Amino acid sequence: MASVAIIGAGISGLACAKTLSENGHAPTLFDKSRGFGGRLCTKRTALGRFDHGAQYITARDPRFDTVVQQLRAADAVAAWDGRFGLFDGCDFQDTNLTTTRWVGTPRMSAIGRALSVGLPCHLSHRIVAIRKQNDGWYLDADVESNLGPFDMVVVTCPGPQAAALLPSYSFLREVADHLEYFPCWAAMCAYSETLKIDYDGFHLNKSLLSWACRDNSKPGREPGERWVLHADPDWSRDNLELNAADAERLILDSFHEFSESKPSQVYVHRWRYALSVEGDGQAALFDEQAGLGLCGDALSTPKVEGAWLSGHKMAELLMTAI
Ligand SMILES: Cc1cc2nc3c(=O)[nH]c(=O)nc-3n(C[C@H](O)[C@H](O)[C@H](O)COP(=O)(O)OP(=O)(O)OC[C@H]3O[C@@H](n4cnc5c(N)ncnc54)[C@H](O)[C@@H]3O)c2cc1C
């Protein structure tokens with residue numbers, strides 16, 4: 001039985017922990033946030049909750065589909081049967097995926113919570129350093145030092161954050177340093193009336209926005225008209241250092257084309273590492289000599305499914321080496 005410290009309780013960390021635990025190993029998760037799920041999350045506000053990160057999940061790989069079906073049986077996900085479209089700058093076209101759009105119920109963060117059941121986890125623990133000593137790996141968190149010893153450490157945070165923790169003698173540090181992400185400015189808007197927009201969610205091209213959705217049209221949501229707007233990845237990258245007030249104004253100006261109603265409240269969030277640039281298909285990497293692993297969506301595909309497959313692959317690599 002191997003003891004494994006996993007830094008990050010996003011989907012890749014949870015998948016790695018779950019697979020290790022199901023095979024008799026002893027994973028322990030650490031996350032700087034107060035909740036599970038990483039970028040698959042929900043913001044609680046005075047005017048209701050918003051899913052401001054990942055919007056919906058698709059499951060194309062049968063292994064991930066099995067996980068989604070288990071989550072469905074536990075009432076942690078449901079199909080989002082809305083009307084979806086693409087706005088090309090002039091007109092809307094309906095988009096019909098052949099796969100189901102799944103969402104967490106009653107909110108996206110329910111998925112991470114459901115996957116975490118039974119797994120040892122230290123939330124609100126930002127790991128600031130990892131050290132190898134004679135008897136194994138130790139972690140230092142902002143709130144507690146000398147956590148360990150562990151036989152192995154898996155790092156699942158976005159590349160630049162992972163590189164800051166990995167030692168220079170491991171090849172994983174250089175890999176992590178080169179992983180790339182697009183940022184995303186997100187606006188969460190609450191309205192006092194229903195907007196006259198025929199779609200529940202639509203992608204946009206040729207716009208400052210890339211996605212807009214009626215968040216309360218997802219199953220199990222509380223009442224109240226709430227929209228989530230995501231700015232285009234290139235625009236977000238070019239305007240990463242805008243102040244929040246300017247980002248809000250520009251995003252709302254752009255959405256004005258679809259509704260002249262003024263939101264009663266707006267919250268803005270800047271995702272510095274939102275969508276990873278597609279990985280080279282390795283899914284996860286293990287430095288056997290050091291006892292260190294690296295996984296996450298950036299080594300796989302820039303989606304929740306990609307993150308899950310990456311974490312699962314990481315566990316398989318570790319178990320082969322044990
Ligand atoms: C705006 C947005 C929209 C998206 N839309 C979709 C979508 O519609 N569909 C889809 O499939 N995917 C979507 N994605 C992508 C999807 O959310 C990610 O691919 C996936 O959640 C990544 O999971 P992960 O485990 O690799 O990383 P993360 O979710 O980033 O998990 C890493 C974890 O590490 C933690 N962490 C970081 N540093 C430390 C530290 N020092 N100590 C402790 N913990 C640390 C973080 O708190 C986080 O919980 C979207 C993402 C964003 C941001």
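In the predicted model, T42 is placed in the loop that runs between strand β2 (26–30) and strand β3 (43–45). The side chain of T42 takes part in a polar contact of 3.0 Å with the side chain of D51, and a polar atom of the T42 side chain also lies 3.1 Å from the backbone nitrogen of S109. When residues up to four places away in sequence are left out of the count, T42 touches R49, F50, D51 and H52, together with R107, M108 and S109.

S109 leads on to helix α3, which comprises residues 109–116. The loop between β8 (102–104) and α3 contains P106, and this proline is joined to T105 by a cis peptide bond with an omega of about 0°. A cis peptide bond is also found between G148 and P149, where omega is near 5°; P149 is located in strand β12, which covers residues 147–150. A further backbone feature concerns D75, a residue in the loop between α2 (62–73) and β5 (77–79), which has a positive phi of about 60° although it is not a glycine.

The packing of the helices may be considered next. Two packed helices are described by the angle between their axes and by the distance between those axes. For helix α1 (residues 11–22) and helix α3, the axes come within 10 Å and cross at roughly 20°. Angles under 35 degrees count as roughly parallel, and α1 and α3 are therefore roughly parallel to each other. The crossing in which α1 passes α3 is left-handed. On the side of α1 the contact is made by I11, L14 and K18, and on the side of α3 by I111, G112, L115 and S116. Sorted by class, the residues of this contact of α1 with α3 are four nonpolar, two polar and one charged.

Helix α1 also packs with helix α8 (residues 304–321), and the axes of this pair come within 7 Å and cross at roughly 40°. The helices α1 and α8 are therefore oblique to each other, and α1 passes α8 in a right-handed crossing. The residues of α1 that make the contact are I11, S12, A15, C16, T19 and L20, while those of α8 are V304, A307, W308, G311, H312, M314, A315, L318 and M319. In the contact of α1 with α8 there are 11 nonpolar and four polar residues, and no charged residues.

The ligand is surrounded by 35 residues, of which the closest are S12, D31, R39, Y56 and D297.

Terms used
Residues are numbered from 1 along each chain as its sequence is written. This is a predicted model: local features need pLDDT of at least 70, side-chain atom pairs count only at pLDDT 80 or more; totals for chains, interfaces and linings use all residues. Side-chain values use heavy atoms; hydrogens and water are left out. Axes are lines fitted to C-alpha atoms, for helices over the stretch in contact, and angles run from 0 to 180 degrees between N-to-C directions. Helices (H or I, at least four residues) and strands (E, at least two) are DSSP runs, numbered from the N terminus. Angles under 35 degrees count as roughly parallel, over 145 as roughly antiparallel, 65 to 115 as roughly perpendicular and the rest as oblique. A crossing is left-handed if the near helix is turned anticlockwise from the far one by less than a right angle, and right-handed if clockwise. Contact means heavy atoms within 4.5 Å. Ala, Val, Leu, Ile, Met, Phe, Trp, Tyr, Cys and Pro count as nonpolar, Asp, Glu, Lys and Arg as charged, and the others, Gly among them, as polar. A residue is near a molecule or strand if one of its heavy atoms lies within 4 Å of it. A polar contact is a pair of N or O atoms within 3.5 Å; within protein, one must be able to donate a hydrogen and the other to accept it, and residues adjacent in sequence count only if both atoms are side-chain atoms.
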